[in-house]
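Morning, everyone. Today I'm talking about salt bridges.

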Amino acid sequence: MAVAELELDAADGTGARIGPAPGGPPLGPPAGEEQRIFALVRLRGRPVGTVVGRVRAGDDPASVLAEQAADEIDVPDAPGRPPAGEVPRATVVVATRERPAQLARALDSLLAQDHPDFEIVVVDNAPATDATRELVTSAYVGRGVSYACEPVPGLAAAHNRGVLLAKADIVAFTDDDVVADPHWLSALTRPFGEDPALACATGLILPARLSTPAQILLESHGGFAKGFTARRYDPAHPPADEPLFPFTAGRFGSGANMAFRRDALKAVGGFDPATGTGTAAKGGDDLYAFVRLLAEGHPLHYTPEAIVWHHHRERWEDLCGQAYGYGAGLTACLTALLVRRPALLPSLLARLPRGLARARAMTAPRATGAAASGVPGAHGAYTYPWPRHLSRLERRGLLYGPLGYVRARFAVRGGSLPWETR
């Protein structure tokens, strides 16, 4: 399945036009009689939805998908973007480990941002070789990119190192396996300038490639996207449609596309170093930070205009590991919250029955035949295919998460946050 961007109203007056997703392969002619295309739909630059269409040989893909978008998407009138200068200064932190080729692709996209004032900090997490350091020092130093090493393994520890080194008040985080839209950082940081009370912002994550069954299955399972409507989550006014708020952390965003007000994040202890990829907890560092800030009364803002294109893992084995890790990371996050803020226990227990029902629905196996071939973009509908094997792995991960967190906590016991030892 090809991945593309479809602009419905090009600025030059030429009408609809289509191009490949950033970081993805070029759009070529169909290999057979038709080609399936997953497209982000924009209106004068603003993302408004996605479509999955079939384009036959000889057809104009832009016209075919634009017609489909008109039928499937309630496209609002979209004014132009605000000036790029109306944004606060920012530090972008990219944690990485032994993936220099992917890191170079991500850094190139970050250096092409239209944000007027930012720096990039690459945090090399428990490296086994000098490959990352050599890449950054040989190709990127002097271009606004700095290198740091964090010897303690785990994504949370690497992110905390980035918080320590950040020179800006707003710290944005993304991963080494993404390609950032040129407007990503401006869109992600602008809400902080507009709302002094805001502590966290998240953005839209879309697939850069859908070339293998594993990639398509992950995206049809919900992927990382959280919709195309901007939303403010305010603990002072809990959303009526989120009965599990604030414990539905996965609804707020993901770690590949998030930003924080540095002082607010440090005030709650940063990321829990016993969570995250690279620890026995398997994940949950981003979810922990979201809920921790919301629990302290800080609002969170989601904006679909802040887009990164994520390179999903290609192999079935990797998808199996992700399914297990998603389950483990969720319950590890909840365990971390109760350990570090026990006052949340009554609130969590009150929501536990609904939470268990939601977990069963999210991890339930679903048919994978022709009738349920999967439509990437149908996020949160729970109608996507999900093989029984992956369902079992995800549920096993849910059971393992608390134990994984305890193991990870013992591994980092005695350690302190980087800004406490400076």
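**Salt bridges, pair by pair**

Start with Arg262: its relative accessibility is 16%, and since buried means under 20%, Arg262 counts as buried. Keep in mind that this is a predicted model. Who is the partner of Arg262? Arg262 meets Asp263 in a salt bridge, with 3.9 Å from N to O. Asp263 has a relative accessible area of 52%, so Asp263 is exposed.

Next pair. Asp195 and Arg232 form a salt bridge. Their closest N and O atoms are 2.8 Å apart. Now look at where they sit. Asp195 is in the loop between α5 (184-194) and β10 (200-207). Arg232 is in strand β11, residues 231-233. Asp195 is buried, at 17% relative accessibility. Arg232 is partly exposed, at 40%.

Third pair. Glu242 and Arg251 join through their side chains, 3.1 Å from N to O. Which side of this pair is buried, and which is partly exposed? Glu242 is buried, with a relative accessibility of 5%. Arg251 is partly exposed, with a relative accessible area of 32%.

Last stop: a network. Salt bridges link Glu5, Arg42 and Asp181. Find those three on the screen, and we can go to discussion.

Terms used:
Residues numbered from 1 in each chain as written. Predicted model: local features only at pLDDT ≥ 70, side-chain atom pairs only at ≥ 80, totals over all residues. Heavy atoms only, no water. Salt bridge = Lys/Arg side-chain N within 4 Å of Asp/Glu carboxyl O. Helix = DSSP H or I, 4+ residues; strand = E, 2+ residues; numbered from the N terminus. Buried < 20%, exposed > 50% of the residue type's maximum accessible area, 1.4 Å probe, protein only.
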